[in-house]
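The sequence and the structure are shown first.

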Amino acid sequence: AGAVFGGWFGVPLVCMLAATGASMCFLLSKGFGHDLIHYYLKDRLLPIKNLVSSREDASEFLILVSARMFPGTPNWLLNLCAPHLDVNLIKFFFSVLIGLFPYNFLCVQAGALLQFTDLSSIMNFRTIIILSCFSLLTISVAWYLKRRKKH
């Protein structure tokens, strides 16, 4: 986003998109993942649920924000588990928006350092062929594994 939109527009854009995407994952997990999450992670979620629910709203929010800012936290796991910790969606959205700001800022700034004159310098015929080959390779592996499983 930094290379295309610059920092002033790129950072808020990336932050909003990251928070929206994480919230969609939150909603999918809440709607369809209850049984799976509780089957595999029930024992591990209970102490975290007690920690989060015993806090005031502001403290719970700060825990969520700091979990996003910590570089070792798997964000996908936070997205999946948050609804099962009784975290409010609005609080979750804003914790992602604020918590991922430093990381998003660094990525957008790195992108802004790239110098190119137009999109064709990035997305050209050669790049499309390479990306298509990776896609075909992935599909081929899936097809091979499916076929191998039948025999």
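The model is predicted. In it, helix H6 covers residues 101-112. Its twelve residues reach 16 Å from the first C-alpha to the last, close to the 16 Å expected at 1.5 Å a residue.

Which residues of H6 are buried? They are Asn104, Val108 and Gly111. Seen down the axis of H6, the buried residues fall within an arc of 55°, so they line one face of the helix. Helix H1 (2-32) is included in what covers them. The face of H6 turned away from this buried side carries Tyr103 and Leu106, both exposed.

Asn104 lies in helix H6. Asn104 counts as buried because its relative accessible area is 6%, and the cut-off for buried is under 20%. Leaving aside neighbours within four places in sequence, Asn104 is in contact with Val14, Cys15 and Ala18.

Ser95 is found in helix H5, residues 89-99. Is Ser95 buried or exposed? Its relative accessibility is 1%, so Ser95 counts as buried. The C-alpha atoms of Ser95 and Phe61 are separated by 6.5 Å, although the two residues are 34 residues apart along the chain. Phe61 is also one of the residues in contact with Ser95 when neighbours within four places in sequence are left aside.

Asn79 has its place in helix H4, residues 75-81. With 10% relative accessibility, Asn79 counts as buried. Not counting residues up to four places away in sequence, Asn79 touches Ala22, Cys25, Phe26, Ser29, Arg68 and Phe92.

| Residue | Relative accessibility | State |
|---|---|---|
| Ser95 | 1% | buried |
| Asn104 | 6% | buried |
| Asn79 | 10% | buried |
| Trp143 | 51% | exposed |

**Surface patch**

Which residues make the nonpolar surface patch of about 740 Å²? The patch is made by Ile130, Phe134, Leu137, Val141, Trp143, Tyr144 and Leu145. Of these, Trp143 is found in helix H7, which runs over residues 125-150. Why does Trp143 count as exposed? Its relative accessibility is 51%, and exposed means over 50%.

Definitions and conventions:
Residues are numbered from 1 along each chain as its sequence is written. This is a predicted model: local features need pLDDT of at least 70, side-chain atom pairs count only at pLDDT 80 or more; totals for chains, interfaces and linings use all residues. Side-chain values use heavy atoms; hydrogens and water are left out. Patches are made of residues with over 30% relative accessible area and no salt bridge: like charges are joined within 9 Å, nonpolar side chains (Val, Leu, Ile, Met, Phe, Trp, Tyr) within 5 Å. Accessible areas come from the Shrake-Rupley method with a 1.4 Å probe; for residues, only the protein chains shown count as cover. A salt bridge is a side-chain nitrogen of Lys or Arg within 4 Å of a carboxyl oxygen of Asp or Glu. Helices (H or I, at least four residues) and strands (E, at least two) are DSSP runs, numbered from the N terminus. Buried means under 20% relative accessible area, exposed over 50%, partly exposed in between (1.4 Å probe, protein chains only). The expected span of a helix is 1.5 Å times one less than its number of residues. The arc is that of the directions from the helix axis to the C-beta atoms. Contact means heavy atoms within 4.5 Å.
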